[in-house]
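Welcome! Here is a short briefing to read alongside your model.

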Amino acid sequence: MQDLAYRRRARAIWIGGCLLAIAFVVIAISLNTGSIKIGPLTVVQTLFGYGTPDDELVLFEYRLPRIIITMLAGVGLGISGAILQAISRNVLADPGIIGLHAGSSFGLIVFVTLFSSMKGASALILPLFTFSGGILATCLIVLLANDRHRGLQPIRLLLVGIAIAAGFSAITLYLSLRLDENTYAFAARWLAGSVWGRDWIHVIALLPWIVLLVPYAWMRAQTLNLISLGDEIAIGVGEAVQRKRLLLLGCAVGLSGASVAMVGGIGFIGLVAPHLARRLVGPRQQYVLPISGLVGLVILVTSDTIGRSIFEPNAIPAGVVVAAVGAPYFLYLLVKTKS
């Protein structure tokens, strides 16, 4: 038994190292690509303070903040999806499918309606609005999915979430049509999954959410393991299942809401990343959570790099690239689950 645990831990460390190496390569490529070409050697020199003023401007004011944003958001979306799949015991659960992104989109529309003229403070305020929208959606989901006798049921959580997502999406579309032309253009790009957070102020706005909530999720990995086995087993070993499920659901809302605030309504990362993580390291959440974060990081940084470099000068949103891969994978999961 101890030998099996050691092998699993060693495999998780090895997989994590490989993903970190892949992430390093992807980040290096992302730093080298764009409308202004900068060679690899020049990038290294500039990062160590030996570049020209123009190179420093491009790297430190444009590319590096955007890459860090996609890294943080990829980690947040991947871990959020892992939490949701564990507490719902359904591999098809995802912040977008379950309705959290739809609630965050509603929060965005309220934000741009009230504070569209605020430039500097908008980066700090927007995550609060998307988080509040996600919390509103979560409260409705919990209220409607809760069974008076059996508590919050995973299958009802997923089905109600899909219905709530449809309702919020309809309201968001209606409100977006009432915006002025410039504000509507911003909202449309955000909803398509365009990475709009490109400055250091956006990094500062997103970083605390990731730094605080990711360790909390990892410390609750054993609780997620027990919930994944079933409420009866978790209750039998003394876990306060309903309370901790709500806390973990709030953690998932915070991670997804803050992440999409900066990178737009990108879906499928929370679906694909945990599934790939389980295939790589097994079902134990101590390993699934960090690997899901790393997979999400690689997917989002790669998608954003593809969207802004391969299709230049007409860059496409990272959400479109993610959806091009995520949608077929979702259908594959759906067919596999039914069989």
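S303 is found in helix 13; helices (H or I, at least four residues) and strands (E, at least two) are DSSP runs, numbered from the N terminus. This is a predicted model, where local features need pLDDT of at least 70, side-chain atom pairs count only at pLDDT 80 or more, and totals for chains, interfaces and linings use all residues. Residues are numbered from 1 along each chain as its sequence is written, and side-chain values use heavy atoms, with hydrogens and water left out.

**Around S303**
- S303 is buried, at a relative accessible area of 6% (buried means under 20%, exposed over 50%, partly exposed in between, with a 1.4 Å probe and protein chains only).
- Leaving aside residues up to four places away in sequence, S303 touches A318, V321 and V322 (contact means heavy atoms within 4.5 Å).

**Confidence**
- The protein chain has an average pLDDT of 84, and 93% of the residues score at least 70 (pLDDT is the predictor's confidence in each residue, from 0 to 100).
- Confidence is highest in helix 13 (residues 285-309), at a mean of 93, and lowest in strand 2 (residues 151-152), at 62.

**Aromatic pairs**
- The structure holds 3 aromatic pairs (ring centres of Phe, Tyr or Trp, its six-membered ring, within 6.5 Å; planes under 30 degrees apart are stacked, over 60 edge-to-face, the rest tilted).
- F106 and F168 form a tilted pair, because their ring centres are 5.4 Å apart and their planes lie at 55°.
- This pair links helix 4 (residues 100-115) with helix 6 (residues 154-176), 62 residues apart.

**Positive phi**
- R89, not a glycine, has a positive phi of about 55° and sits in the loop between helix 3 and helix 4.
- F268 has a phi near 80° and is partly exposed, at 22% relative accessibility.
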